[in-house]
Amino acid sequence: MTIGILGGGQLGYMLALAGYPLGLHFRFFDPSPEAPVGRIASRVTAEFCDEAALEKFASGLELVTYEFENVPVNAVRFLAERVPVFPPPAALEAAQDRLREKQLFLELGIPTTEFAAVADREALDAAVKKVGLPAMLKTCRMGYDGKGQWLLRTAEDVARAKGELPAASPKAMERPGYNSSSSNDAAFILERFVKFSRELSVLAVRGRTGETAVYPLVENHHRDGILRLSLAPAPRLDPAIQRAAEDAAESVFEALQYVGVLAIEFFEQDGRLLANEMAPRVHNSGHWTIEGALTSQFENHLRAVVGLPLGSTHAIGSSAMLNLIGELPDPVEVLAIRDAHLHLYGKSPRTGRKLGHVTLRAASAEQLASRLAELSSFFHRPEFCLDAVLARPLSSRA
């Protein structure tokens, strides 16, 4: 059985590594000739708008899935007319647009931050009046790892942001029904800035039969908009918080008739969850599952889309996943730590680029804290974001 995967980055790489023991084969589609998956599977290198290349890619495939959500929906719909695609195109469409995503959360009764649509600079003042300051201004589409976002704290910040936003085009303003605050015309979204105690994410999976499974919530630590460290299961986790996350995932599953792994990121605020965004794919905050769960997110995604029974999502002790950003450590030092697992993506170093990750596993949260401290002893650069995390005991962090 050959599965097609749109995108050829590290997530696709890890999907293939999880699928080979199941007897699966893979074909990737990626515009970049440098995509990491070229080392382990066949790859079609072409733009997503190239229908002849998509036709060639689809030939002989059992199904298609994707490893990142910025694949053009038109390309996915083109493929869906020829071969089953999971998760469904509707999920991809919702996740690609932050405004549509927030509206979906509201429709499903999933608590989220207050927000307003912003089409252009003329609409920003009204959105600020509605949402208030501080607030986050984001592009509705594209943008990841902190890109396409502006933190607005003061009127001066708003004025600077207006200088970067496009003015309403005369043609758009002449269009019947044009409204710069309408979701139909919005290129940006303004979200109320949330004072949260921590960031959490849930990884859940739904199979083609409707079977579901959910991993324990994960505590995530970001810097400069990029995930640096994930702790799993999240320390001091209230069972009610876990249930709320599972309910949110189940609601999205049902609404979109979802198949595959779904990630939802939350803010925890005053003992409740506020949904921030979702990703219709395997997720960076789930990398710990390769060594830290009975079944990894990658294997469970493949089980789901192929139609196999799902594997257990039970955590094996406590785990920490540390992203390697911009430069790589000495493998000898990393692997000298007990139960440390190094994953390198085969990418050339570049500032802000995810080059790999390290997963630490331990029998208890206290033991994990000790191993994290050992790891941090040779990660003295601030971008690894360990000092603040280790400043408090792992068992009492919130």
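This is a predicted model: local features need pLDDT of at least 70, side-chain atom pairs count only at pLDDT 80 or more; totals for chains, interfaces and linings use all residues.
The chain has 398 residues, and 55% of them count as buried. Its secondary structure comes to 14 helices and 17 strands. Take the contacts between residues at least 6 apart in sequence: 63% of these join residues at least 24 apart.

I will start with helix H1, which covers residues 10–19 and contains Ala16. Is Ala16 buried or exposed? Ala16 is buried, because its relative accessibility is 0% and the cut-off for buried is under 20%. Leaving aside residues up to four places away in sequence, Ala16 touches Phe26, Phe28 and Ile40. Ile40 is 24 residues from Ala16 in sequence, and the two C-alpha atoms are 7.9 Å apart in space.

H1 also packs against another helix. In general, two packed helices are described by the angle between their axes and the distance between the axes. For H1 and helix H11, residues 297–306, the angle is about 75° and the axes are 8 Å apart. The two helices are therefore roughly perpendicular to each other. On the H1 side, the contact is made by Leu11, Met14, Leu15, Ala18 and Gly19. H11 contributes Phe298, Glu299, His301 and Leu302. By type, the contact residues are six nonpolar, two polar and one charged.

The second pair is H2, residues 51–58, and H3, residues 73–80. Here the angle is about 45°, with the axes 10 Å apart. That makes H2 oblique to H3. The crossing is right-handed. Which residues of H2 and H3 meet? From H2 they are Glu51, Leu54, Glu55, Phe57 and Ala58, and from H3 they are Ala75, Phe78 and Leu79. This contact has six nonpolar residues, no polar ones and two charged ones.

Next is helix H9, residues 239–256, where we find Glu250. Glu250 is partly exposed, with a relative accessible area of 30%. Val205 is 45 residues away from Glu250 in sequence, yet the C-alpha to C-alpha distance is 9.4 Å.

Gln257 is not a glycine, but its phi is positive, about 50°. Gln257 is partly exposed, at 49% relative accessible area. Asp339 is another non-glycine residue with a positive phi, about 60°. Asp339 sits in the loop between helix H12 (331–335) and strand S16 (340–344). With a relative accessible area of 28%, Asp339 is partly exposed.

Now the cis peptide bonds. Where is Pro134? Pro134 is in the loop between helix H6 (121–131) and strand S6 (135–139). The bond from Leu133 to Pro134 is cis, and its omega is near 0°. Ala232 and Pro233 are also joined by a cis peptide bond, with omega about -10°. Pro233 lies in the loop between strand S12 (226–232) and H9.

Last, the cysteines. A disulfide is a covalent bond between the sulfur atoms of two cysteines. How many disulfides does the structure hold? The number is zero. As for cysteine positions, Cys49 is exposed, with a relative accessible area of 68%, whereas Cys140 is buried, at 2%.

Note on methods. Residues are numbered from 1 along each chain as its sequence is written. Side-chain values use heavy atoms; hydrogens and water are left out. A disulfide is a pair of cysteine sulfur atoms within 2.5 Å. Buried means under 20% relative accessible area, exposed over 50%, partly exposed in between (1.4 Å probe, protein chains only). Axes are lines fitted to C-alpha atoms, for helices over the stretch in contact, and angles run from 0 to 180 degrees between N-to-C directions. Helices (H or I, at least four residues) and strands (E, at least two) are DSSP runs, numbered from the N terminus. Angles under 35 degrees count as roughly parallel, over 145 as roughly antiparallel, 65 to 115 as roughly perpendicular and the rest as oblique. A crossing is left-handed if the near helix is turned anticlockwise from the far one by less than a right angle, and right-handed if clockwise. Contact means heavy atoms within 4.5 Å. Ala, Val, Leu, Ile, Met, Phe, Trp, Tyr, Cys and Pro count as nonpolar, Asp, Glu, Lys and Arg as charged, and the others, Gly among them, as polar.
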